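Please keep the sequence and the structure in view while reading.

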Amino acid sequence: MALDILAVGPLYEDPDVNRVRLIAQTTKNSTAPPKRLPPIKTKLTTIETKRIMSVLDETIHKVELVTLLSYVASSSKNSEGMLGEDIMKAVREHQDLCQILVDRVSYLQEEERQLQEEEEFEDEPSFRDRVLSIEVQKSHLPPLMQQIKGSTKNIVRLLLSSPQAARLLQVQTLGRSVEAQSFIDSLVELRGFLFEKLLTSPMEARDKTQFIQDITRRNQRNQEIIDTLENELAACVRNRDAEVEKENVVIQELKNHLHQLPKLSENSLLRTKKEAKKQQKADFRASQARVAKTQQEILLLQAQFNSLVMENWEAEQALRKKKYKVETEIENWIQKYDLEMSEKQDEYEELDIIHKEEKLQLEELKRRHDVLVEEFSQIQAEQEINAKKRLEAEQEMVHMVRAAMLIQALWRGYLVRSMLRSKKRKWSKSRGKDKGKGEGKGKGKGKK
């Protein structure tokens, strides 16, 4: 992937502390460095510091995801089921943009290299046209880089919207390059430094300043010790140079002795040369015999090769005829297949049109059926309600009939009793009158 080159400077620089040189420990009291003061607080308390750390953590997370895009693009088949189609589609588009950028940059570098080689022709119009063309192509690079940045943001947005895919992608740490891992380690180191800086209070800052001043003073004392040791080292070097000078004299004497050795070994060298010439002549004669034998074998093999070529040529001609016949049959079958498939396609299209019309009719009938079902359910509900009302009315009528019959029976009983009472009264009254008349008649007769 085409990524911008990011350069991260040292997280902490001090002119005195960074120049401290390592020396051997002389005394425990003078050279032992003081321990680093740990921060009093271990957690962030203010909202601003928490926001700063959350922004840095989110940046590290996004950088970890972006640095694995090249691995995802190189193993797209394995990553497609893991990340999903949308993310892989965005990654492939991002890879295409990066490849276009790399190709254009490579082309521009090659063109610039050729122009540097042809600087003596810079006054010619073609040279100026090429320079102008390169400048125009360079002006097309920023929009392409902007597209790559937008594509990177889009991929990060998709990965953040899918936490499971982001977790699965972060597991693939082996796909990250060494430079990207170094950059992430630098960001993590920066986070630790920033976290410690945010935890440090003003009092701790003063203590840290005092700590650095103590280190500076200790460095000055160590520097004085180093100067003393360097003086001693210079004296030792001078002594060593004197001894080396003496040894050089001895070495020169030995070299002179070695120069005399070739004269002593010249006779043995001449004898060795004579023996080597004899051996060379014998080897030359033997090699000539082997060359003649090899040439005869080559001629024999050449004749065998020619005969094999003729046999293979005849077989090849037969196979070519067979191949032509098979290709002709295949072409005929293909034409027949295309014709049948075109007929089947027409038939399929007609059936598809009929199917679509029937499907529309079926949908219309379903819609009407749904309406009728709804109306039937309403009518059925109304009939149930009317049946319930009719049943209640009948039951109420039965109760009313029973009540009327009971009232009529009571009324008839009352009338009968009333009539009986009236008849009884009339009977008692008529009986009393009859008794009175009989008594009057008896009294009249008695008076007479």
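The sections below treat the overall fold, the nonpolar cores, the salt bridges and a surface patch.

## Basis of the report

The model is predicted, and local features need pLDDT of at least 70, side-chain atom pairs count only at pLDDT 80 or more, and totals for chains, interfaces and linings use all residues. Residues are numbered from 1 along each chain as its sequence is written, and side-chain values use heavy atoms, with hydrogens and water left out.

## Overall fold

The chain contains 11 helices and zero strands. Helices (H or I, at least four residues) and strands (E, at least two) are DSSP runs, numbered from the N terminus.

Of the 448 residues in the chain, 12% are buried. Here, buried means under 20% relative accessible area, exposed means over 50%, and partly exposed lies in between (1.4 Å probe, protein chains only). The chain exposes about 37400 Å², of which carbon and sulfur atoms supply 57%. Accessible areas come from the Shrake-Rupley method with a 1.4 Å probe, and for residues only the protein chains shown count as cover.

Contact means heavy atoms within 4.5 Å. Among contacts between residues at least 6 apart in sequence, 81% join residues at least 24 apart.

## Nonpolar cores

In soluble globular proteins, nonpolar side chains tend to be buried together. A nonpolar core is a set of buried Ala, Val, Leu, Ile, Met, Phe, Trp, Tyr and Cys residues joined through side-chain atoms within 4.5 Å. The largest such core has 16 residues, and Val91, Ile155, Leu159 and Leu169 touch the most other members. Two or more residues each are given to this core by helix 2 (47-66), helix 3 (69-74), helix 5 (85-117), helix 7 (141-161) and helix 8 (163-171). Helix 5 provides the largest share, four residues.

Leaving aside residues up to four places away in sequence, Ile155 touches Leu69, Ala90, Val91 and His94. Apart from this core lies another, of 10 residues, including Cys98, Phe127, Ile134 and Leu144.

## Salt bridges

Side chains of opposite charge can pair when their charged atoms come close. A salt bridge is a side-chain nitrogen of Lys or Arg within 4 Å of a carboxyl oxygen of Asp or Glu, and by this rule the count comes to 11. One of them joins the side chains of Arg191 and Asp57 (2.4 Å, N to O). Because Arg191 lies in helix 9 (residues 178-199) and Asp57 in helix 2, this pair ties together parts that are 134 residues apart in sequence. Arg191 is partly exposed at 28% relative accessibility, and Asp57 is partly exposed at 30%.

Other salt bridges lie within a helix. Glu110 and Arg113 meet at 2.2 Å, N to O; being three residues apart in helix 5, Glu110 and Arg113 are separated by about one helical turn. Glu316 and Arg320 meet at 2.8 Å, N to O, and both lie in helix 11, four residues apart, about one turn of the helix.

## A nonpolar surface patch

Met397, Met400, Val401 and Met405 make a nonpolar surface patch of about 400 Å². Patches are made of residues with over 30% relative accessible area and no salt bridge, with like charges joined within 9 Å and nonpolar side chains (Val, Leu, Ile, Met, Phe, Trp, Tyr) within 5 Å. Met400 is found in helix 11 (residues 266-447). Met400 counts as partly exposed because its relative accessibility is 49%.
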